[in-house]
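Student: Hey, I've just been handed this structure and I'm new to it. Can you walk me through what's in there?

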Amino acid sequence: MTINIILLGPPGAGKGTQARRLVEDRGMVQLSTGDMLRAARSSGTEMGKRVAEVMDRGQLVTDEIVIGLIREQLAGGGAGFIFDGFPRTLGQADALGQLLSETGMSLDAVIEMQVDDEALVRRITGRFTCGNCGEVYHDQTKPTAVAGVCDVCGSTDLKRRADDNEDSLKTRLLEYYKKTSPLIGYYYAKDKLTQVDGLAEMDEVSAQIAAALDGTGPKA
Ligand code: AP5
């Protein structure tokens with residue numbers, strides 16, 4: 001069965017962590033606009049440089065750029081797409097609806113991951129990722145088994161993101177509440193919304209998402 005879903009939530013809610021589990025457990029395809037934009041910024045092109053400045057400030061990149069990135073990736077899809085960090089504005093949500101209907105696909109569920117701001121600061125300031133395989137870690141809640149070495153691929157290229165600091169996080173949160181949180185009502189009205197407790201342990205969050213996708217969890 002093919003399922004296309006959106007993981008919706010503020011920075012640090014655990015979208016990337018849960019998306020990677022869904023890829024592994026269900027063979028779904030993760031489409032993270034954040035990852036695509038980080039790849040664009042490291043390309044060194046003029047567009048990449050402009051994107052880097054906007055991301056480091058914690059602001060949103062233009063709808064035009066991110067919709068273009070998603071359009072390029074919307075083929076294949078295995079057991080379905082996980083939209084991680086997209087859409088983030090009402091304009092992007094409308095564009096996604098249009099793109100899915102043009103390609104004969106549907107949106108099956110929007111999972112809102114609820115986490116309070118205090119926890120988000122702790123999560124963002126403690127996060128690091130593997131530069132080789134993308135595995136996400138945390139100083140306290142998910143350290144590597146051997147310090148400085150990725151558990152998954154053995155790489156020692158562990159990094160912190162340039163926008164993972166308290167100043168940039170403040171702007172990212174403001175952008176979320178101003179521009180992205182209206183999507184909660186937008187998808188509720190379309191009867192697509194399910195809320196999960198993003199403050200729970202990672203395995204418990206995964207179980208709540210699985211219940212939502214298998215139709216056994218409560219709807220918003
Ligand atoms: P993006 O890369 O999408 O970042 P984000 O939305 O800010 O989300 P994060 O990746 O920071 O957090 P996450 O929810 O994935 O949490 P994670 O699983 O890592 O976007 C970055 C920037 O790109 C934006 O600011 C913007 O400039 C631009 N951009 C991207 N998409 C855009 C779009 N559509 N439109 C315009 N601009 C766009 O978890 C965080 C930490 O918590 C980790 O350390 C993890 O180990 C830990 N953790 C996770 N779950 C738990 C748990 N249950 N309990 C304890 N710890 C946990």
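This is a predicted model: local features need pLDDT of at least 70, side-chain atom pairs count only at pLDDT 80 or more; totals for chains, interfaces and linings use all residues.

Student: Which elements give two or more residues to the shell around it?

Tutor: Those are helix 1 (15-26), helix 2 (33-41), helix 6 (117-125), strand 6 (136-138) and helix 9 (202-213). Helix 2 gives the most, with four residues.

Student: What about Thr-33, how far is its side chain from the ligand?

Tutor: An N or O atom in the Thr-33 side chain is 2.8 Å from a nitrogen atom of the ligand. With Gly-12 the backbone takes part: one of its N or O atoms lies 2.9 Å from a ligand oxygen.

Student: And which residues come nearest?

Tutor: Out of 36 residues around the ligand, the nearest are Thr-17, Gln-59, Arg-88, Arg-127 and Tyr-137. By class, the shell has 15 nonpolar, twelve polar and nine charged residues.

Student: Switching topic: what's the strand order in the open sheet?

Tutor: Its five strands run 2-3-1-4-8, with parallel pairing. Strand 2 (29-32) and strand 8 (193-197) are the edges, each pairing on one side only. From one strand to the next, the twist averages 25°.

Student: How many bridges join strand 1 and strand 3?

Tutor: Three, in the parallel sense, between residues 5-8 and residues 81-84. Ile-5 stands opposite Ile-82 of strand 3.

Notes: Residues are numbered from 1 along each chain as its sequence is written. Side-chain values use heavy atoms; hydrogens and water are left out. A residue is near a molecule or strand if one of its heavy atoms lies within 4 Å of it. A polar contact is a pair of N or O atoms within 3.5 Å; within protein, one must be able to donate a hydrogen and the other to accept it, and residues adjacent in sequence count only if both atoms are side-chain atoms. Ala, Val, Leu, Ile, Met, Phe, Trp, Tyr, Cys and Pro count as nonpolar, Asp, Glu, Lys and Arg as charged, and the others, Gly among them, as polar. Two strands pair if DSSP finds at least two bridges between them. Axes are lines fitted to C-alpha atoms, for helices over the stretch in contact, and angles run from 0 to 180 degrees between N-to-C directions.
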